[in-house]
Amino acid sequence: MRRKKREVTDFATIKTFVEQTQVVRMALNGSDYPYVVPVNFGYQWKQEQLILFIHGAAEGKKITMLQQDPKVAVEMDGHHELIQGNMNAATYSYAYQSLIGFGQAELIEDAAEKRAALHRLMAHAAKGKSFDEIPEAMLKRTGIIKITLDSYTMKENKHPNK
């Protein structure tokens, strides 16, 4: 990381950021170009290792690309705010938090694992709301991608007045 002063190493801050974030951008290796797609997610921590769960159709571009190459990169960002300067444009900045990670994606086939992943996704997206059990037919049609991050870094630029 070029600007070490912006690196976030406090695990509690990282966990809070992931909890507050609702969209992750997943980057896949394409044949001609990288492919980036924003998706909702659920997550699980195993000590300090982050595991993400993404749902969608059981077939399609993401699935085909992951079957060809399971390496992915992810990006989350939030807490954006302009830091206003003066008449000199160089005095302006932007407050933000972001997390970038690299890992391996796999498709979950086991029904119990798929159900657990969807529950994690709903728990994250619906924040404490209750919902009906997921019907078996829907579970069979739903594709679940599990991303186990091998590494991630977080950085932030704090607003000086906050």
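**Ground rules.** I'm looking at a predicted model, where local features need pLDDT of at least 70, side-chain atom pairs count only at pLDDT 80 or more, and totals for chains, interfaces and linings use all residues. Residues are numbered from 1 along each chain as its sequence is written, and side-chain values use heavy atoms, with hydrogens and water left out.

**Salt bridges.** I took a salt bridge as a side-chain nitrogen of Lys or Arg within 4 Å of a carboxyl oxygen of Asp or Glu. That rule gave me 6 salt bridges.

I looked up Glu19 and found it bridged to Lys127, with the closest N and O atoms 2.8 Å apart. Glu19 is partly exposed at 30% relative accessible area, and Lys127 is partly exposed at 40%. (Buried is under 20%, exposed over 50%, partly exposed in between, using a 1.4 Å probe and protein chains only.)

Next I checked Arg25, which meets Asp77 in a salt bridge at 3.1 Å, N to O. I also noted that Arg25, Glu75 and Asp77 are linked in a network of salt bridges.

Then I turned to Arg115, whose partner is Glu133, at 2.7 Å between the closest N and O atoms. Arg115 counts as buried, with 17% relative accessibility.

Tyr92 is partly exposed at 35%.
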